[in-house]
There are 4 protein chains.
Amino acid sequence: MLGSHQYGKAEVRLVHVARHGDRHHLTDLTVGVALAGDLADTHHTGDNARVLPTDSQKNTVYAFARRDGVGEIEEFGLRLARHFVASQPAITRATVTIEQHGWDRLGEHSFARAGAETRTTTVTVDGSDTVVVSGLSGMVLMNTTASEFFGFARDEYTTLPDAHDRILATAVDARWRHATGESDDWRASFAEARRHLVEAFVGTYSLSLQQTLYAMGRRVIEHRPEITEVRLSLPNKHHFNVDLAPFGLDNPNQVFHAPDRPYGLIEGAVRRDDAPQWVDSWWDA
Amino acid sequence: MLGSHQYGKAEVRLVHVARHGDRHHLTDLTVGVALAGDLADTHHTGDNARVLPTDSQKNTVYAFARRDGVGEIEEFGLRLARHFVASQPAITRATVTIEQHGWDRLGEHSFARAGAETRTTTVTVDGSDTVVVSGLSGMVLMNTTASEFFGFARDEYTTLPDAHDRILATAVDARWRHATGESDDWRASFAEARRHLVEAFVGTYSLSLQQTLYAMGRRVIEHRPEITEVRLSLPNKHHFNVDLAPFGLDNPNQVFHAPDRPYGLIEGAVRRDDAPQWVDSWWDA
Amino acid sequence: MLGSHQYGKAEVRLVHVARHGDRHHLTDLTVGVALAGDLADTHHTGDNARVLPTDSQKNTVYAFARRDGVGEIEEFGLRLARHFVASQPAITRATVTIEQHGWDRLGEHSFARAGAETRTTTVTVDGSDTVVVSGLSGMVLMNTTASEFFGFARDEYTTLPDAHDRILATAVDARWRHATGESDDWRASFAEARRHLVEAFVGTYSLSLQQTLYAMGRRVIEHRPEITEVRLSLPNKHHFNVDLAPFGLDNPNQVFHAPDRPYGLIEGAVRRDDAPQWVDSWWDA
Amino acid sequence: MLGSHQYGKAEVRLVHVARHGDRHHLTDLTVGVALAGDLADTHHTGDNARVLPTDSQKNTVYAFARRDGVGEIEEFGLRLARHFVASQPAITRATVTIEQHGWDRLGEHSFARAGAETRTTTVTVDGSDTVVVSGLSGMVLMNTTASEFFGFARDEYTTLPDAHDRILATAVDARWRHATGESDDWRASFAEARRHLVEAFVGTYSLSLQQTLYAMGRRVIEHRPEITEVRLSLPNKHHFNVDLAPFGLDNPNQVFHAPDRPYGLIEGAVRRDDAPQWVDSWWDA
């Protein structure tokens, strides 16, 4: 029998320029749409009468950007997701995922691409339920000290020595769930959540990346009442002290080798006691 | 409060050479370990007494490969996952993910890297439960005809014309769940599941990629009793007919442009009526 | 003053299907065009009268594929390069670079993408000179023994021990220059050059990757009179023996760690005594 | 016969922390070394007596960073390149390439990875000649207006209409050659060259990307007497107006689709009349 299923258009690249006289505002997005509902026919017989083409979904993204602008990505996602559920009788759930790529202003109509960090959202409209998840990915942070790792469990395969001063570096992948699908100010909510994550990373004297992870999530939960749960996936981007003793040199935490793989991966959620259930994978919804 | 969490070592690169006289056998894996259990202390206070270092997990992967060889990746994953749960009192769940990179034999001890396709497994040992998921990713398939797409839903944003002959191409990402954690022959099970996926793709006259997806999953379920559910994620790698009319040329499905993005994304599961619950995301477990 | 310059369209994705009744033939290319000539005006004043748009270059690639098919990539490159020089008065040099992506046949009109290896060509038509370079990239080869590295120079920064049995692995990036721009059989020339490269890698008992490189190039030069020079760029994809002694295990070349970076990089050319000058970089032409 | 050849270690990842009390300074580099000289023996017979292992080259990078710090990348490259030529009798030419990855300061010992832009250098010491090339890559710039493209050559494959207002976007890959291998202030030289490139891109009303390229190079040459030639490789990252007419919407340069491929590629050099020869490819040196 047919189990969970959905379909849509992935990675629609949309660049929007809002012209306020000579001063332009630039929005650069990658948008994905996924629709679910009464779609058994196309799977069983290839009858597509209920299948809105993914090409039409792409057109909708562009047309909506023109008609009403983009605004904050959570708003844009909500407009799109609600449209698909409202306008397509067969569709009961629409999920819109958006990545926003940053640009720094150089002039009235000139811009430079900011770093690899992206602001993200996943908006799901499922019947009368609306879930808005905001987040960011690709924010790479490093503390060059104020990090230790010792007193850990040891087994017969353990050779790692205690570390009382080490580099702690990670590429933050964070997502947080909003209590409701409504907000007066998605922009401020994002900026503040991001600020708390950064400040907690910088300000935590770390005995483990888990401790730092929890501090980051807790800080968001404590300061942002509109957010009910924070999920963090933090690779431990190892920086290993290079052994320079064969060359008659010491190395008091100055010269490091940074391998690509393998890496530790620390994942965890911090949530309010009364946080609603958050089903991360639509397969299991 | 602390929600779901786990930690481990990701992307351990392991190359294993088994030497049978002059004839060598090569196994090339990327292994990840993720452990969960009673890990609240390290999050709250940085007390790592229950935290087996991810470095030890990496060492374990290498030591196990030496002591008992690798064998089929499902077996290797089971041995590793069971070890972590059995040997670490704080750990109640271990998940081992493995990608196997293919090599073709050129000689007794010479090999050439096969394509981008990888064989995969995710083994989860959670208390007394054991779940083995096998799969593959990166298998790119194309039918240059025997594919149509017509009779679809139309809305005000629909401009796509009916297609009665088109290219159908996808990069198969497939995972399937085994009924039990035991098997006499993981290798044959994989080879047969893969064969059925390919044959269903090739043999299905397709009216939608959804129809092809369902045919692929159904075929595995019908032929492989050890498998209870198949999950497929199939990007529709569009190939658009180039309009050559401005140059006085027709183009009867001969010259195509293949853009990278956006692409359709068709996802779906086919499962037995009595398939056990498969929770895909550990966040929700 | 304006120095060397050229312009063109890069990475045109072209998929061509030749239909011989029910049996289809698939060609999958990424094509780049670069034109040079009397182009000072557009640089100095933005006068584009001599600038054929890169969009037109792209259209030409598609139209030529339709009108006369593709054939061997060297032929297709020659036709395109000659066209631009012949038809554009301002253009004196055209360079066409083509990568061919392999597909294996699964059925009359069904195909599976082969590995990451690509067949390449760079065709340059410069006035009356025509230079055809063929090649391949992404062919990953490994010998699990029959490789040593010892007796090397040692300085105060050398800690590497002699190795009398090691893995030798590389990703071959090879290009070879043809004596002329004419050939009866580009396909056979490529297939044979590739075969000689592979056989030399497999058959050489290696004391250094340099020795293997030279053997590979020499073998092509010795067997293929139409080729005057071979240029090889061979990363030494290190496979390091994992030290398992802390776990009471030996490791007689069975378990290896394969880091991504850094890697050795061995580059060299083998050429006939009378090989014509080959200027690799158009900047210096 | 053996033609051009060199060998070395590529992509050595070096992270250096300079500790000035509590205030740390972070340098993050990827370093490559390539050596050439009297290396025929290892190619012909595998006699490695003149081959300094690439492992030793890697060790040298780390040891030099510890002993004398890193400083500006041009200085670090010069020290390394001179060392290899001076200390290895067989080596006559050493090329050191360095990419510097940027980090923004967040606190006394806390940093955030800046964007994808990297500062680069290639230092070549060849006998008594020293050539220092500085540069940058991955700097993505966009003007959302003040760009036209019209009056271009038309042939039978031209369908592109004139554009009197378009987006101009590129990812700058720039390299510039210094007149000498000596400088009082490599840092200021780089910062100023970069500033001139950006200001020329922003300030040029563009009739072609070639015109912008020339303006960028000329500005550096005019303002920086220590630089003799600038080489620029500028992809034209197309942004296409989406046709929204089928949906009853106009689109006055507000909604754009940004495809990945193909792209225009504009390359050119601007140099002083008396610029010395710059051979870009060591193959041809």
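**Chat: chains A and B**

Me: How is chain A divided?
Reply: This is a predicted model. Chain A splits into domain 1 (1–127) and domain 2 (130–285).

Me: What separation do the centres of the two domains have?
Reply: Over C-alpha atoms, the centres of domain 1 and domain 2 of chain A are 29 Å apart.

Me: And how many residues does the contact take from each?
Reply: Domain 1 of chain A gives 17 residues, and domain 2 of chain A gives 17 residues.

Me: Which elements supply the domain 1 side?
Reply: Strand 1, helix 3 (73–87) and strand 5 (110–126) of chain A each supply at least two residues there. Strand 5 of chain A has the largest share, ten residues.

Me: What classes are they?
Reply: On that side of domain 1, four are nonpolar, eight polar and five charged.

Me: Switching to the chain pair. How many residues are in contact?
Reply: 68 residues of chain B contact 68 residues of chain A.

Me: Which parts of chain B supply that side?
Reply: Several elements of chain B supply at least two residues each. Among the strands are strand 1 (2–10), strand 2 (12–20), strand 8 (227–236) and strand 11 (263–271). The helices include helix 1 (40–44), helix 2 (54–68) and helix 5 (209–223).

Me: Which strand of chain B pairs with strand 1 of chain A, and in what sense?
Reply: Strand 11 of chain B pairs with strand 1 (residues 2–10) of chain A, antiparallel, over seven bridges.

Me: What stands opposite Tyr7(A)?
Reply: Ile266(B), in strand 11 of chain B.

Technical notes: Residues are numbered from 1 along each chain as its sequence is written. Chains are lettered from A and ligands numbered from 1 in the order in which they are written. This is a predicted model: local features need pLDDT of at least 70, side-chain atom pairs count only at pLDDT 80 or more; totals for chains, interfaces and linings use all residues. Two residues are in contact if their C-beta atoms, placed from the backbone, lie within 7 Å. Helices (H or I, at least four residues) and strands (E, at least two) are DSSP runs, numbered from the N terminus. Two strands pair if DSSP finds at least two bridges between them. Domain bounds come from an automatic or database domain assignment. Ala, Val, Leu, Ile, Met, Phe, Trp, Tyr, Cys and Pro count as nonpolar, Asp, Glu, Lys and Arg as charged, and the others, Gly among them, as polar.
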